Amino acid sequence: MTTLFDPITIGSIEAKNRIVLAPITRSKATSEGVPTDSMAMYYRQRASVGLIASEATSISLDSHCLPNSPGIWSSEHVQGWKKVTSAVHEVGGKIVCQLWHPGRAAHSAFNGVHPISASETKFNGHINTPSGEKEPELARPASEEDITRIVEEFKQGAENAMAAGFDGVQVHCANGYLIGQFMCSNSNLRTDRYGGNVENRLRFFKEVVSVVSNTVGPSRTGVRFSPDIDPVDEETFVAASSFLEEQRIAFIGLRENSPLGPLIPPTVSYKNRLDLHDPIRNVYKGALIMNRDYTLEMAMEAIQTAIADAVSVGRPAMASRHLVAKMQATRPIRHFSDSVKYWYHEPEGYVVLPDLVPEVSA
Ligand SMILES: Cc1cc2nc3c(=O)[nH]c(=O)nc-3n(C[C@H](O)[C@H](O)[C@H](O)COP(=O)(O)O)c2cc1C
């Protein structure tokens with residue numbers, strides 16, 4: 001029987017076990033988004049997982065929208081990320097880069113550029129900027145020229161990620177950012193060929209995934225979906241997954257509902273969100289990496305029952321450098337209940353962990 005600790009081949013990536021570090025924004029890059037030495041140490045400390053998904057990484061200056069989050073659009077970023085990927089590879093780990101465009105979650109307070117989205121809509125919530133929390137701005141609908149440029153930026157980001165030594169890339173289609181804004185009929189009100197029916201709402205997604213996959217190879221490309229919070233309908237997610245199967249895309253990271261309730265306040269009734277792993281499994285045969293609120297027991301069961309090929313773990317991995325050893329020793333993994341407190345600048349809680357969670361020696 002396959003277990004969580006068995007190796008898995010995800011496309012061309014040989015992972016030593018089926019535990020994945022979920023992408024977790026930690027905001028420890030420089031203000032220009034250049035990865036730092038402490039980021040190299042943080043990722044190295046967690047490289048005993050089979051695969052690391054980097055935190056969301058901006059593909060362009062216009063898409064840089066969270067203080068101290070990393071970028072991948074310049075040679076300085078590539079050099080910075082090289083330190084991270086080398087540190088991970090030195091200890092036998094694997095790492096993919098999560099390529100990110102926030103769309104309407106960006107703010108002109110960052111670089112003077114007005115946020116862009118599928119349509120003239122507003123992000124739901126406050127936006128953290130270098131000059132403090134701001135009200136979201138009404139996004140400018142992307143023109144076809146904007147779309148062509150952004151697709152090209154994803155291509156450049158993918159190229160840069162490979163130059164920086166990543167083992168692959170993950171296109172960020174989760175958490176209501178730009179690609180999700182196009183996929184979702186609540187935020188995509190367009191009447192041109194990028195809006196309306198499922199095929200049109202998926203056009204931007206397909207263009208991005210195709211260009212990235214043509215750049216790094218489908219066996220080194222994955223995507224992330226979050227039907228737990230994105231009000232995208234099932235038909236659209238399933239059609240998107242069929243496309244990923246046609247393109248032989250290596251993996252889907254899928255964050256689903258949890259009995260513990262919403263991860264962040266949802267924009268639609270939480271009760272209405274569907275678990276989509278079955279319908280996605282029916283059409284998609286690549287690696288399915290499941291996520292959210294997994295305990296050790298749940299992760300073991302998901303692998304044994306083949307619901308998941310791998311399980312990604314976010315908050316418990318913020319709290320522990322020895323997650324895999326702890327799981328192997330069947331010690332419970334715990335979440336930081338106040339993980340957001342550890343999100344920003346303090347060194348404590350990042351590479352220097354407070355003694356909140358008992359560690360096992362590794
Ligand atoms: C502080 C924090 C930052 C996050 N940053 C990202 C991110 O950059 N990209 C992403 O796709 N998801 C992000 N997430 C979501 C996590 O990847 C994951 O889906 C979530 O923590 C649930 O998994 P868990 O129950 O194992 O923690 C973030 C979550 C937290 C708590």
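Arg201 sits in helix α6 (residues 198-201), where helices (H or I, at least four residues) and strands (E, at least two) are DSSP runs numbered from the N terminus. Leaving aside neighbours within four places in sequence, Arg201 is in contact (heavy atoms within 4.5 Å) with Phe182, Met183, Cys184, Ser185, Asn188, Tyr194, Gly195, Gly196, Asp233 and Thr236. At 6% relative accessibility, Arg201 counts as buried; buried means under 20% relative accessible area, exposed over 50%, and partly exposed in between (1.4 Å probe, protein chains only).

The model is a predicted one, in which local features need pLDDT of at least 70 and side-chain atom pairs count only at pLDDT 80 or more, while totals for chains, interfaces and linings use all residues. Residues are numbered from 1 along each chain as its sequence is written, and side-chain values use heavy atoms, with hydrogens and water left out.

Stepping back to the whole chain, the secondary structure comes to 12 helices and 14 strands. Of the 362 residues in the protein chain, 58% are buried. Among contacts with a separation of 6 or more, 70% are made by residues 24 or more positions apart.

The next feature to look for is a barrel. Eight strands close into it in the order β3-β4-β5-β10-β11-β12-β13-β14, with parallel pairing. Neighbouring strands of this sheet are turned by 25° against each other on average, direction ignored; the axes behind such angles are lines fitted to C-alpha atoms, for helices over the stretch in contact, and angles run from 0 to 180 degrees between N-to-C directions. Strands count as paired if DSSP finds at least two bridges between them. Strand β12 (residues 251-255) and strand β13 (residues 287-291), for example, pair in the parallel sense over five bridges, and Gly253 has Ile289 in β13 as its bridge partner. Helix α8 (residues 234-246) packs on the sheet, touching β11 and β12, and its direction makes about 170° with that of β11. Helix α7 (residues 203-216) lies across β5 (95-100), β10 (168-172) and β11 (221-225), running at about 150° to β11.

Six of its six residues are buried, so β5 is largely enclosed by the rest of the structure. In a regular strand the side chains alternate between the two faces of the sheet. In β5, Ile95, Cys97 and Leu99 point one way, and Val96, Gln98 and Trp100 the other way. Five bridges join β5 to strand β4 (residues 51-58), and the two run parallel; here Thr57 has Leu99 as its bridge partner. In the loop between β5 and α3 (108-111) lies Gly103, which is buried with a relative accessible area of 0%. Not counting residues up to four places away in sequence, Gly103 touches Pro115, Ile116, Leu178 and Gln181.

Helices also pack against one another. Helix α1 (residues 37-45) and helix α2 (residues 75-90) meet at an angle of about 25°, with their axes 8 Å apart. That makes α1 roughly parallel to α2, since angles under 35 degrees count as roughly parallel, over 145 as roughly antiparallel, 65 to 115 as roughly perpendicular and the rest as oblique. In this pair, Asp37, Met39, Ala40, Tyr43 and Arg44 of α1 meet Trp81, Lys83, Val84, Ala87, Val88 and Glu90 of α2. The buried residues of α1 are Met39, Ala40, Tyr42, Tyr43 and Gln45, and they pack against β3 (19-21), β4, α2 and β5.
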